[in-house]
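This briefing concerns a single protein chain and is arranged by topic. Please consult the sequence and the structure shown here before reading the points that follow.

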Amino acid sequence: MEEFKYVDNTLNRIGVLTSGGDAPGMNAAVRAVVRTADFYGVETVGIRRGWQGLINGDFTTLDTNNVTRILQHGGTILYTARSDEFRTKEGRKKAVATCKMLGLDAIVAIGGDGTFRGALELSRMGVPIIGIPATIDNDIGCSNYTIGFDTACNTAIECIDRLRDTMQSHERCSVVEVMGRNAGFLALYVGLSVGATVVLIPEKKYDPVKDVIEKIQSARLTGKTHFMVVVAEGAGSAYDVANIIREGTGIDPRVTVLGHIQRGGSPNARDRETATRMGYYAVKALVEGRPNQIIGIRAGEIVETPVEEALQMKKKLQMDRYTILEVMSRASTRKMDE
Ligand code: F6P
């Protein structure tokens, strides 16, 4: 076991909260924060319902024993919310007052971009913070990976595999809308994994003729009789894409909006393992006197980025994946299944 190193001995009690859209693995991160804090002799208070809970003084005590058997569960035992009140100075003043009332020396905030913007504001008011990226969108610039992404991709893939069965039987076209907010990580990853004919992402404005109709027509020329179209919610509505296909090809597609189903379910190995490591390093950063950082993963290693800098970092979608997808779904002179 690593050497015990307690540098900042003013750290006696910390708060932990989950905020924004939930993601599979948030519970694993909460557990890791609580158990690491316990290891360092620091108490943890669970703040319920995100930043709004901090404003309202909505809390629960957490310790090594009462975070048992949460690792494998989706959702978040701390509940989550998006708080408009926290966006106001008055709201944040109330949150700081709760920190004082509860004797919190720091807050560990688990969530996405919005969560970290809130954390930055709180740190500017003197409350030390640490952020842990957890969102199915995988859109946090300072980290190659965010907790929940892999589980969400696998959930979407499982749903689409099922859709493909019925689509193949009926020789149909399916248009599936996946989440991801303004980012196409989820759609592109899923599209590659299911062998989609077309994937539409917000990072690449699509041309209805070139990027949709012609791709389906050329796949049809190869003898293909069913087509999978994956649309990122940020690229547009799946219903609009279905209309483009209907008018341009005469095919009558079926639309499925996967929606919140992608956010639920037991976290997979990658999300449990990442959450546990990130939770551990979040507390370690506080204990060693390095507050106001976002924990991330780059090249497989845990890294810390100052929160202000982290919020300015933009994650670029690796467009080679889009090229690979085009190669995979390209029309060939030979007949093929997918
Ligand atoms: O940020 C996670 C996310 O699931 C996005 O992919 C999606 O756009 C959004 O949250 C949905 O938010 P809500 O749960 O408030 O409908």
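This is a predicted model: local features need pLDDT of at least 70, side-chain atom pairs count only at pLDDT 80 or more; totals for chains, interfaces and linings use all residues.

R181 is placed in the loop that runs between strand 6 (173-178) and helix 6 (185-194).

**Loop residues with positive phi**

- R181 has a phi of about 55 degrees, a positive value although the residue is not a glycine.
- With a relative accessibility of 43%, R181 counts as partly exposed, because that class lies between the limits of 20% for buried and 50% for exposed residues.
- R69 is located in the loop between strand 3 (59-62) and helix 3.
- The phi of R69 is likewise positive, near 60 degrees, in a residue other than glycine.
- R69 has a relative accessibility of 64% and therefore counts as exposed, the cut-off being over 50%.

**The loop between strand 5 and helix 5**

- N138 lies in the loop that links strand 5 (129-133) to helix 5 (149-170).
- The relative accessible area of N138 is 6%, so this residue is buried, the limit being under 20%.
- A polar atom of the N138 side chain lies 3.0 Å from the backbone nitrogen of T146.
- Residues up to four places away in sequence being left out, N138 touches N144, Y145, T146, F149, F185 and K315.
- C142 is also placed in the loop between strand 5 and helix 5.
- C142 is buried, its relative accessible area being 1%.
- Apart from neighbours within four places in sequence, the contacts of C142 are I294, G296, R298, V303, T305, A310 and M313.
- From C-alpha to C-alpha, C142 and G53 are 26 Å apart in space, with a separation of 89 residues in sequence.

**The loop between helix 3 and strand 4**

- L104 is found in the loop between helix 3 (89-102) and strand 4 (106-111).
- L104 has a relative accessible area of 9% and is therefore buried.
- The residues that L104 touches are R13, I14, G15, V45, I47, L54 and C99, with those up to four places away in sequence not counted.
- V16 is 88 residues from L104 in sequence, and their C-alpha atoms are 9.9 Å apart in space.

**Packing of helix 1 and helix 9**

- Two packed helices are described by the distance between their axes and by the angle between them.
- For helix 1 (residues 26-39) and helix 9 (residues 269-287), the axes come within 7 Å and cross at roughly 35 degrees.
- The crossing in which helix 1 passes helix 9 is right-handed.
- Helix 1 contributes A28, A29, A32, V33, T36 and A37, which meet R272, A275, T276, G279, Y280 and V283 of helix 9.
- Sorted by class, this contact of helix 1 with helix 9 comprises eight nonpolar residues, three polar residues and one charged residue.

**Domain assignment**

- The chain is assigned two domains: domain 1 (13-148 + 267-312) and domain 2 (152-263).
- Eleven residues from domain 1 and eleven residues from domain 2 take part in the contact.
- The C-alpha centres of domain 1 and domain 2 are 34 Å apart.

Note on methods:
Residues are numbered from 1 along each chain as its sequence is written. Side-chain values use heavy atoms; hydrogens and water are left out. Axes are lines fitted to C-alpha atoms, for helices over the stretch in contact, and angles run from 0 to 180 degrees between N-to-C directions. Helices (H or I, at least four residues) and strands (E, at least two) are DSSP runs, numbered from the N terminus. A crossing is left-handed if the near helix is turned anticlockwise from the far one by less than a right angle, and right-handed if clockwise. Contact means heavy atoms within 4.5 Å. Ala, Val, Leu, Ile, Met, Phe, Trp, Tyr, Cys and Pro count as nonpolar, Asp, Glu, Lys and Arg as charged, and the others, Gly among them, as polar. Buried means under 20% relative accessible area, exposed over 50%, partly exposed in between (1.4 Å probe, protein chains only). A polar contact is a pair of N or O atoms within 3.5 Å; within protein, one must be able to donate a hydrogen and the other to accept it, and residues adjacent in sequence count only if both atoms are side-chain atoms. Domain bounds come from an automatic or database domain assignment.
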